[in-house]
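Reader: I am new to this structure. Please show it to me, and then let us take some questions.

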Amino acid sequence: MKKIFTLLLAFVMLLSLAACGSGSGFMRGETADTVYTNEAMGVSFTAPDGYIFYTDEQIASFYGATAEVLNSNSAIIYDMQCGNPATNGSISITFENLTALYGSAISDDSYLALTTASLRSSFNSTEGVILSRLDQDVIELDGVEYSCVYVTLKVNGTEFYETIVIKEQNGYMMECTVAAYDEAEMNSLLNALDIA
């Protein structure tokens with residue numbers, strides 16, 4: 001279970017280490033009690049019962065890095081990570097400075113094509129993981145459609161579900177990754193997400 005979570009986090013960390021040091025002036029969101037909000041980027045999330053928000057130090061430890069890597073001057077900003085220790089369900093929100101990473105803004109389709117190719121390569125090379133589904137699609141949240149990637153894996157015979165929702169704003173790509181071993185739990189997390 002933790003192997004897949006670690007693999008996903010390592011993938012994101014790999015991208016960020018390649019692009020660290022690019023100034024951005026980005027303002028990170030804030031967490032108060034059970035609510036995360038990034039007003040500047042128009043996103044919030046209310047954590048369901050059993051979910052906890054991780055500190056910067058905890059997020060950094062997932063990636064084998066220091067908390068400084070999470071700062072707002074990196075090309076990839078790790079804005080929020082929330083998880084349920086009992087179920088291993090999780091949600092993370094990162095923002096990627098498109099100019100710092102790709103030299104200019106890129107379309108949602110191009111971004112998802114890069115993400116999908118990287119995920120396919122990572123999952124296909126991981127022992128005990130069988131990739132059942134990896135589709136670019138559209139998801140509707142609160143009546144608004146967003147580009148996304150749906151992932152279904154079998155990890156040592158157990159199904160694992162993930163949805164990656166993206167939205168470009170102000171030169172940044174928000175990547176919201178929601179994952180759980182139970183599809184209903186994943187959908188519950190998606191419904192707790194508010195994107196303006």
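**Loops, strands and charges**

Author: Asn156 sits in the loop between strand 8 and strand 9 (158–169); strands (E, at least two residues) are DSSP runs, numbered from the N terminus. This is a predicted model, where local features need pLDDT of at least 70, side-chain atom pairs count only at pLDDT 80 or more, and totals for chains, interfaces and linings use all residues. Residues are numbered from 1 along each chain as its sequence is written, and side-chain values use heavy atoms, with hydrogens and water left out.

Reader: Is Asn156 buried or exposed?

Author: Buried means under 20% relative accessible area, exposed over 50%, and partly exposed in between (1.4 Å probe, protein chains only). Asn156 has 64% relative accessibility, so Asn156 counts as exposed.

Reader: What is the phi of Asn170?

Author: Asn170 lies in the loop between strand 9 and strand 10. Asn170 is not a glycine, yet its phi is positive, at about 55°.

Reader: Is Tyr172 buried or exposed?

Author: Tyr172 belongs to strand 10 (residues 172–180). Its relative accessibility is 8%, so Tyr172 counts as buried.

Reader: What separates the C-alpha atoms of Tyr172 and Met41?

Author: Along the chain, Tyr172 and Met41 are 131 residues apart.

Reader: How many disulfides does the structure hold?

Author: A disulfide is a pair of cysteine sulfur atoms within 2.5 Å. Cys148 is buried at 0% relative accessibility. Cys176 is buried too, with a relative accessible area of 0%. The number of disulfides in the structure is 0.

Note on methods:
Helices (H or I, at least four residues) and strands (E, at least two) are DSSP runs, numbered from the N terminus.
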